[in-house]
Amino acid sequence: MTFNRRRFLKASAQASAALCLFDALGVQAATPFSSIQTAPRLKAPAGSVDCHMHLYDDRYPAAPGAKLLPPNASLDDYHQLQALLGLRRMVIVTPSTYGTDNRCMLDGLARSQGQARGVAVLDQSITDAELQALHKAGVRGIRFNLSYGGADLADLEPLAARVAELGWNVQVVATGNQLTELESRLQRLPARLVIDHMGHVPQPEGVNSATFAVVTRLLDGERTWVKLSGPYIRSRSGAPDYADVGAVARELVRRHSERLLWGSDWPHPTVPTGNKPDDGRIFDLLADWAPDEQVRNAILRDNPVSLYGF
C-alpha cells in the first residue's frame, strides 16, 4: 500500500476534531480496568512515577494455589491510563498470581524503553548472577506478599541482606495484624523498606489503630517508605472520597511526606471487573491529602526518582 499524504492529513484532522469534541464533552475513551471518565484536574510534574502497577498475561502460567487470577492486562492497556493521568514512568510489581515467576514483569521492563523499574518476587535459590541480570533489566526491589499467601518469611532477612548490596528495597504487603507482628523484624532489615497500600491500616480505627502506630514508628526510623495507594482496599466510607483512608493519608503526609510514594494499583486486581475505581478521581484525591504543591511534587517525582534510581 502506498502512502497517501492527503488522506493521512484528512484522517488526522478528523481524529483531532473528534478528540476536541470528546474533551469539550468531558468524555474519554474507555480505559481498561478503570471507570475513569475524564482526565484528573491535578497536573503531575514532569518525571512523576506511578510506583505501583501490575501486568497480567496468560502466556505465563499462574502459580499453584494463586488466589488472584485477573484477566490479561497489558502495557498497552496501561498506557491509556498513563496518558489520562499525565504520567510516563512506572514501577511494575510482580503480582502474587505468578509466585516467583517474574517473566511478565521483565517483559514489561524490556518494552518500557527505560521508563520503568521493577519489583520482583524471589526465593533464596536465586543466584548472584541472576540478581545482577535482574538489576541490569531495571529491577530495584523485591516483594513479600503476606496478604495473598505465597511469601516465605524465612527468606525475609537473607534476601534483604543480599539485595541491600545492590541498593534495592524490600517491599511488604501485609494485613494490619501481620505488620504489627513483624515490626521488630522489619526495623532490623539491612535494606530499605517499602510498605504497600498505606500499611492496610484498619478502619474505622484509622490513625488511632495499633497498625498506624507501627507504620509511623517505621517511618520515624528513616529507612521506610509508604505507598499512598489502593484507598479502596480498607475504606469503609467508600467512593468517591474514601474519607476514612484519606484521614490516614493526610496524617502520613503531615508526618513524613519525604518518604511517601504514590501508586495507582492498576489494574486493581482485588476489585471485581465491572466495579473498578475511578483512577482520575483517586489521583485528584492527592491534592486533598497533600495540598502543598512542593510536597505533592516530592511524592509524585522526587521521592520515587531517588528510591528507584530513575
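Student: How many nonpolar, polar and charged residues does the lining of the largest cavity have?

Tutor: In this predicted model, that lining has seven nonpolar, seven polar and two charged residues. Of the 16 lining residues, Leu68, Arg143, Tyr148, His197 and Thr270 are the closest to the centre of the cavity.

Student: What lines the second largest cavity?

Tutor: Its lining includes His197, His200, Gln203, Ser229, Arg234 and Val245. The classes are six nonpolar, five polar and one charged. About 80 Å³ of space lies in this second cavity.

Student: Why is His200 called buried?

Tutor: Buried means under 20% relative accessible area. His200 has 6%, so the term applies. His200 is located in the loop between strand S6 (192-195) and helix H7 (210-220).

Student: Which peptide bonds are described as cis, and what is omega for each?

Tutor: The bond joining Ala239 and Pro240 is cis, with omega about 5°, and so is the bond joining Trp266 and Pro267, with omega about 0°. Pro240 is in the loop between strand S7 (224-228) and helix H8 (243-256), while Pro267 is in the loop between S8 and H9. Most peptide bonds are trans.

Student: Why is the pair of Tyr56 and Tyr98 called tilted?

Tutor: The ring centres are 6.2 Å apart, and the limit for a pair is 6.5 Å, so the rings pair. The planes are 40° apart. Stacked needs under 30 degrees and edge-to-face over 60, so the pair is tilted. Both residues are buried.

Student: What does the pair of Tyr56 and Tyr98 tie together?

Tutor: Tyr56 lies in the loop between strand S1 (49-53) and helix H2 (75-85), and Tyr98 in the loop between strand S2 (89-93) and helix H3 (103-111), so the pair ties together parts that are 42 residues apart in sequence.

Student: What makes the pair of Trp262 and Phe283 edge-to-face?

Tutor: The planes are 75° apart, with 5.0 Å centre to centre. The angle is over 60 degrees, so the label is edge-to-face. Trp262 is in strand S8 (residues 260-262) and Phe283 in helix H9 (residues 279-289). Trp262 has 1% relative accessibility and Phe283 has 0% relative accessible area, so both are under the 20% cut-off for buried.

Student: Which residues touch the most other members of the largest nonpolar core?

Tutor: They are Leu122, Val170, Leu186, Leu228 and Leu252, in a core of 74 residues. Leaving aside neighbours within four places in sequence, the contacts of Val170 include Ile142, Phe144, Leu156 and Leu193. A second, separate core of ten residues includes Val49, Val91, Leu261 and Tyr308.

Notes: Residues numbered from 1 in each chain as written. Predicted model: local features only at pLDDT ≥ 70, side-chain atom pairs only at ≥ 80, totals over all residues. Heavy atoms only, no water. 1 Å grid on protein atoms, 1.4 Å probe; cavity = no way out; pocket = protein on both sides within 12 Å on 5 of 7 lines; lining within 4 Å. Nonpolar A, V, L, I, M, F, W, Y, C, P; charged D, E, K, R; others polar. Points joined across faces, edges and corners; volume = space filled by probe spheres on them. Core = buried A, V, L, I, M, F, W, Y, C linked by side-chain atoms within 4.5 Å. Buried < 20%, exposed > 50% of the residue type's maximum accessible area, 1.4 Å probe, protein only. Contact = heavy atoms within 4.5 Å. Phe/Tyr/Trp six-rings, centres within 6.5 Å; stacked < 30°, edge-to-face > 60°. Helix = DSSP H or I, 4+ residues; strand = E, 2+ residues; numbered from the N terminus.
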